[in-house]
Amino acid sequence: MKNNKFVQFLSVPYVLWAIAFIVIPLLMVFYYGLTDGNGKFTFDNVLAITQTVHYKSLYIALILALISTVICILLAYPLALILTSLKGKNEHLIVLIFILPMWMNFLLRTLAWQTLLENDGAINYVLSFLHLPTIHIINTPVAIVFGMIYNFLPFMILPLYNVIGKIDQNVLNAARDLGANYFQSLVKITLPLSVPGIISGITMVFVPSLTTFVVSEMLGGSKILLIGNVIEQEFTQNSNWHLGSGLSIVLMIFIVISMVITAIFDKDGEGNAL
Amino acid sequence: MKKKSLKIAVAVVTAACTVLPLFAGCSGTNSQKEVYVYNWGEYLDPDVLDEFTEETGIKVIYDEFETNEIMYPKVEAGAVAYDVICPSDYMIQKMIDNDLLQEINFDNVPNAKNIGDQYYESAKEFDPENKYAVPYCWGTVGILYNKTKVDEPIDSWSVLWDEKYKGEILMQNSVRDAFMVALKLQGHSMNSLDDAELEDAKNLLIEQKPLVQAYVVDQVRDKMIGNEAAIGVIYSGEAIYTQRENSDLEYVIPKEGTNVWIDCWVIPKNAPNKENAEAFINFICKPEIALKNFDFITYSTPNVAARELIEDEEIRNSSIAFPDLSNYQGLETFHYLGAEGDQKYAELWKQVKSE
């Protein structure tokens, strides 16, 4: 794109937006995170991650985010293959069905799951009506992972669908001509070519899973403290913005790491579907 | 001290409200005909605001908060200058201590006399000369239980540690409320700053954790109505509402004592429209208006004249809405514990939650 005046003019609202809602808040997080109540410079808030309660919650958050990311890949990859193989036949309709829930508010959907999964909830009602064993996962880590997968799965599907759809059919046909069966061409052609999509999907699932506090509060009954919950509580309940910001900086380190990995593997931004 | 609607939804709305008035403030004319009200979520009949505007011509700009702790930093920072706010007892004390409130001119609030003397007396715990606060709602914290799910009559906090009810217990997900239960059970003050007492309370709460189904704030109401749990710690104002919806529910003030709280209208120091704020408080203290709010939110009103107007005798003499506090022991009101005290509680609570 030509870098003329008109284009620069068009970018003004975006730049203003980015300054007001990204740059300034980030600077404020760093300011609060690196100062104490008297405004003196300190690393204490960042180093607070070494306290048992804090690193424990970070550890649990990392484990749960990892589990949900792995399950998301396992679910999304076959699905993306199926979606790309539809080719015209209802393809867009089916993709739409996967995007449709995202049009509804994330909080409402999670709240709905709370009601569905409850011990006395809708799912158990149906199960007991059919004389099947009931499920008791609400307020456990299982429910939290479930909530993460449900909410973030589309963010895995879409980049994969995007990348796999762009793979040149001629490459696949060549593999077939040379005697590769479906499985071989999947492992040797499709999989390597879809790495950018996988990586970008991982970031888009892993980062929100790692930082969430809503899912663990609503589906975990606030019994499991993730690092996101600790930070949220420092702001809303304990009025300790300094500690909250300090721990946010620690969390940002993990986010930056996963973004660096994305940048290395997905140089062309192919996986960026959204 | 109340919270009804969805915690998170309110948080989102509050966040939006924080930003929007910043812009509104730029264009708004600084006329005398506005009042900025900052109140708990779902803590007032919305019709009342329209009636106020109709009667006085003063436009109400209405914001809601979810906890005292969310409200405080916003008022302290002064980004949005509110005229009238409705915090709880200990938070009013903190605001007075930190010089954030101004005295109310009671000549402009003649209806304040409708509030019963005993409530002003209780308010002296945090506002010693009754200069800053006009009581709006009050109540207790107690146990709500489902009669069909428990075997024996409940009268003690100790039931929350009964193995029999594993997975059937809902605890409050806030530091002071949770520690209040543990401290009261051990016969200590809920304003304790004694390290040994607090350590014991912490261990008690950790011991209780496996029995707890969930730590909740607002959802205790819906979960109890929906028979999801047998026992929950709840604010008395919610209890009346839940009983209307599910007649199996019973509310009790435990014998070890509990928290008696009062939420009051106060005027912050930086209020731009003090007289409008006083007009608003005066309007809220009208018996008919107080009755209307009581019907809507079911939190006990300290407005004696309004209570007399309640038609349903059962509600007027309800031991939940209007308990005779002289029958109970160990009743206390939360005090502001200072920044260090708050920090101490927060630290212990995190340890409970991360177990």
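Axes here are lines fitted to C-alpha atoms, for helices over the stretch in contact, and angles run from 0 to 180 degrees between N-to-C directions. Helices (H or I, at least four residues) and strands (E, at least two) are DSSP runs, numbered from the N terminus. The crossing of α4(A) with α14(B) is left-handed, a term used if the near helix is turned anticlockwise from the far one by less than a right angle (right-handed if clockwise).

On the α4(A) side, A:Val53, A:Lys56 and A:Ser57 make the contact, and they meet B:Lys350, B:Gln351 and B:Ser354 of α14(B). Two residues count as in contact if their C-beta atoms, placed from the backbone, lie within 7 Å. By class, this α4(A)-α14(B) contact holds 1 nonpolar, 3 polar and 2 charged residues. In that scheme Ala, Val, Leu, Ile, Met, Phe, Trp, Tyr, Cys and Pro are nonpolar, Asp, Glu, Lys and Arg are charged, and the others, Gly among them, are polar.

## A word on the model

Please keep in mind that this is a predicted model, in which local features need pLDDT of at least 70 and side-chain atom pairs count only at pLDDT 80 or more, while totals for chains, interfaces and linings use all residues. Residues are numbered from 1 along each chain as its sequence is written, and chains are lettered from A and ligands numbered from 1 in the order in which they are written.

## The whole A-B interface

## Chain A: helices around α14

Chain A comes to 14 helices and 0 strands, and its C-alpha trace spans about 70 × 70 × 35 Å along its principal axes. Two of its helix pairs share α14 (residues 241-265) of chain A.

In one pair, the axes of α13 (residues 227-236) and α14 of chain A come within 7 Å and cross at roughly 155 degrees. The two are therefore roughly antiparallel; angles over 145 degrees count as such, under 35 as roughly parallel, 65 to 115 as roughly perpendicular and the rest as oblique. The crossing of α13(A) and α14(A) is left-handed. Contacting residues include A:Ile227, A:Val230 and A:Phe235 of α13(A), and A:Trp241, A:Leu247 and A:Leu251 of α14(A). The contact divides into 8 nonpolar, 2 polar and 1 charged.

In the other pair, α11 (residues 195-211) of chain A and α14(A) have axes that come within 9 Å and cross at roughly 170 degrees, so these helices too are roughly antiparallel. Among the residues that make the contact are A:Ile199, A:Phe206 and A:Leu210 of α11(A), together with A:Leu251, A:Phe254 and A:Phe265 of α14(A). By class, the contact of α11(A) with α14(A) has 12 nonpolar, 5 polar and no charged residues.

Chain B is divided into domain 1 (7-138 + 262-322) and domain 2 (139-259 + 328-354), with bounds taken from an automatic or database domain assignment. Their C-alpha centres lie 27 Å apart. The contact takes 17 residues from domain 1 of chain B and 13 from domain 2 of chain B. On the domain 1 side, α4 (89-97) and β5 (134-146) of chain B each give two or more residues, and α4(B) gives the most, with 5. The residues of that side divide into 7 nonpolar, 5 polar and 5 charged.

Chain B also has an open sheet of 3 strands in the order β2-β1-β3, with parallel pairing; two strands pair if DSSP finds at least two bridges between them. At the edges stand β2 (59-65) and β3 (84-85) of chain B, each with a single partner strand, so one side of each is left without a neighbour in the sheet. Strand β1 (residues 34-40) of chain B pairs with β3(B) over 2 bridges, and B:Val37 has B:Val84 in β3(B) as its bridge partner.
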